[in-house]
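Hi there,

Here is the structure I promised to pass on to you. Have a look at it first, and then read my notes below.

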Amino acid sequence: MTGTAFIQWAYLVASILFILGLKDLNSARTARRGMFLAETGMALAIVGTLFHHEIISYQWIVTGMVIGSAIGIGIALWTPMTAMPQRTALSHAFGALAVTLVGVSEYHRHGSELGSIKMTAIGFEVMMGALTVTGSLMAFAKLQELITGSLITYRGQNASNVALFGLLVGIWFYLIAVPAAGPLFYLLVGLALVFGILLVLRIGAADMPVVISLLNSYAGLAAAATGFVISNTILIIAGTLDGASGFVLSILMCRAMNRSLTNVLFGGMGIAPAGGPTADQVYGGKVKSATAEEIALLLDTARRVVIVPGYGMAVSQAQHAVRDLAILLESRGAEVAFAIHPVAGRMPGHMNVLLAEADIPYDKLKEMDEINPAFEQTDIALVIGANDVVNPVARTDLSSPIAGMPILDVDKAKTVVVIKRSLSPGFAGIPNPLFAADNTLMYFADGKKAILDLIAALKAA
Amino acid sequence: MDISIALLTIFVLAAFVGYLVISRVPPLLHTPLMSATNAISAISVVGALVTAGSDYGTVSTILGFIAVVSAMTNVVGGFLITDRMLKMFKKDKHRR
């Protein structure tokens with residue numbers, strides 16, 4: 001078998017393993033086996049490629065692989081689970097950088113000889129790749145709080161962004177017609193880098209689940225485009241799988257907020273809406289605050305408790321304390337479940353990973369549709385650092401910015417206990433009538449401290 | 001032209017397969033899913049390897065080298081961290 005034939009077979013088998021691996025992710029039971037399959041596929045594809053007939057020197061290849069592996073091992077071992085959204089954003093940047101550089105190298109080598117089909121692919125590749133590099137780095141900086149997490153807006157922002165995007169597409173089309181226009185190609189790369197920054201600048205931290213999914217999709221599509229450029233089937237397949245995954249996740253996240261993708265990217269979420277009820281009107285004299293002892297008395301007799309974690313739980317690193325509280329409640333005969341909203345946290349599935357890290361069995365983590373009918377039979381709904389995803393206004397007020405967003409129906413529980421540092425609004429910028437409801441008790445404290453206090457009070461009760 | 005159509009066919013079919021397979025992943029595993037697909041799309045390392053190792057000139061060698069480093073970071077880091085996460089997902093032993 002010649003080298004080329006071996007590579008093609010290796011790619012075919014690797015593609016099959018990738019698809020089977022992702023299929024195994026449909027259940028937590030089979031997921032690890034699936035990843036083993038995907039890893040095998042990756043190893044096979046890399047080894048196969050080393051037999052490529054054009055490779056003459058392994059010096060830079062080996063050095064690069066060693067350095068990359070070392071960085072990868074470091075990141076994988078030392079990233080805390082709470083920092084998973086940042087790690088993911090950073091990895092989108094790495095992936096997109098690799099793709100962009102391969103594209104630039106291809107253009108540098110062939111430039112004017114490129115046919116229109118290859119030029120279409122290469123233009124798409126570097127454009128999507130470059131904007132994903134800077135967009136992901138911006139997302140990383142926001143999530144890591146190197147820069148402010150709130151959205152940065154200025155006058156004419158949407159108009160200038162749309163204009164810049166139009167310019168990018170214009171240059172891309174021109175290059176397809178005139179591939180030899182070298183300076184324009186590099187201008188395309190440069191402008192796409194700028195566009196990535198501007199695009200994520202105006203997106204608030206709570207919209208990160210959508211943005212990360214979208215960047216995931218872009219990185220995948222850019223990789224797929226590379227496959228067209230260098231006529232490499234496995235790049236097309238793997239890149240498209242990644243692109244499809246990011247796309248499906250962005251749609252799911254948008255649906256979970258009842259917003260369109262356009263609204264997330266260009267909408268005005270986070271700017272306090274005019275005309276809605278003010279915080280004073282909603283809260284004035286109606287908010288009841290409770291002590292740890294009072295809440296412990298309620299928990300002591302509760303049969304069914306549902307814990308609702310939000311980003312506040314991740315910020316205060318309360319997941320281990322929450323686990324201890326759940327075990328304590330169960331040892332007293334209560335039934336404990338966790339209600340997870342799809343956009344709770346900063347990336348898809350963020351809360352599930354944190355709770356799994358704290359050794360909470362995954363069969364206790366309930367999705368929104370599964371848990372919502374159960375709230376009416378729930379004695380206590382314990383909300384930890386969540387706000388907009390439990391705001392009943394989404395069901396009742398059609399003019400609210402979160403109107404129609406599917407929420408967790410915690411207000412239907414017999415008693416709602418909300419652990420929160422203050423009455424400050426969530427990302428949507430609106431007051432939450434849940435906090436002033438008759439059956440709600442507020443416990444104003446940092447998430448972790450509050451849970452530890454509750455545990456102590458419950459043990460004393 | 002023929003090769004382009006063949007590649008386009010592969011792309012369209014992969015998009016359908018991806019959509020169907022990914023739609024069945026439960027929200028529970030969405031974070032591992034994202035890091036897994038990210039690792040898989042780091043298959044772009046194969047393009048980077050050829051760019052870095054072939055006799056394409058200094059510019060290509062340098063660009064390829066940096067691309068190998070970044071893609072390899074995702075291959076190794078992505079799969080390791082996915083496994084680290086998946087290891088944490090356990091079923092309740094006491095209940096059933």
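**Where the two chains meet**

In this predicted model, 94 residues of chain A are in contact with 77 residues of chain B; two residues count as in contact if their C-beta atoms, placed from the backbone, lie within 7 Å. The largest share of chain A's side, 16 residues, comes from α4(A). By class, that side of chain A has 54 nonpolar, 28 polar and 12 charged residues. Here Ala, Val, Leu, Ile, Met, Phe, Trp, Tyr, Cys and Pro count as nonpolar, Asp, Glu, Lys and Arg as charged, and the others, Gly among them, as polar.

A word on labels: residues are numbered from 1 along each chain as its sequence is written, and chains are lettered from A and ligands numbered from 1 in the order in which they are written. Because the model is predicted, local features need pLDDT of at least 70 and side-chain atom pairs count only at pLDDT 80 or more, while totals for chains, interfaces and linings use all residues. Helices (H or I, at least four residues) and strands (E, at least two) are DSSP runs, numbered from the N terminus.

**A helix on the inside**

Now turn to helix α3 of chain B, residues 45-53. How many of its residues are buried? The count is 9 of the 9, so this helix is largely enclosed by the rest of the structure. (Buried means that 20 or more other C-beta atoms lie within 10 Å of the residue's own, with C-beta atoms placed from the backbone.) Among them are B:V45, B:L49 and B:G53. The buried residues of α3(B) pack against α2, α3, α4, α8 and α9 of chain A, together with α4 of chain B.

**Two domains in chain A**

Chain A is divided into domain 1 (79-266) and domain 2 (279-460), with bounds from an automatic or database domain assignment. Their C-alpha centres lie 36 Å apart. In the contact between them, 19 residues of domain 1 meet 16 residues of domain 2. On the domain 1 side, the elements that give two or more residues are α4, α8 and α9 of chain A. That side divides into 14 nonpolar, 5 polar and no charged residues.

Enjoy exploring it!

Best wishes

Notes: A residue is buried if 20 or more other C-beta atoms lie within 10 Å of its own, exposed if 12 or fewer, and partly exposed in between; C-beta atoms are placed from the backbone.
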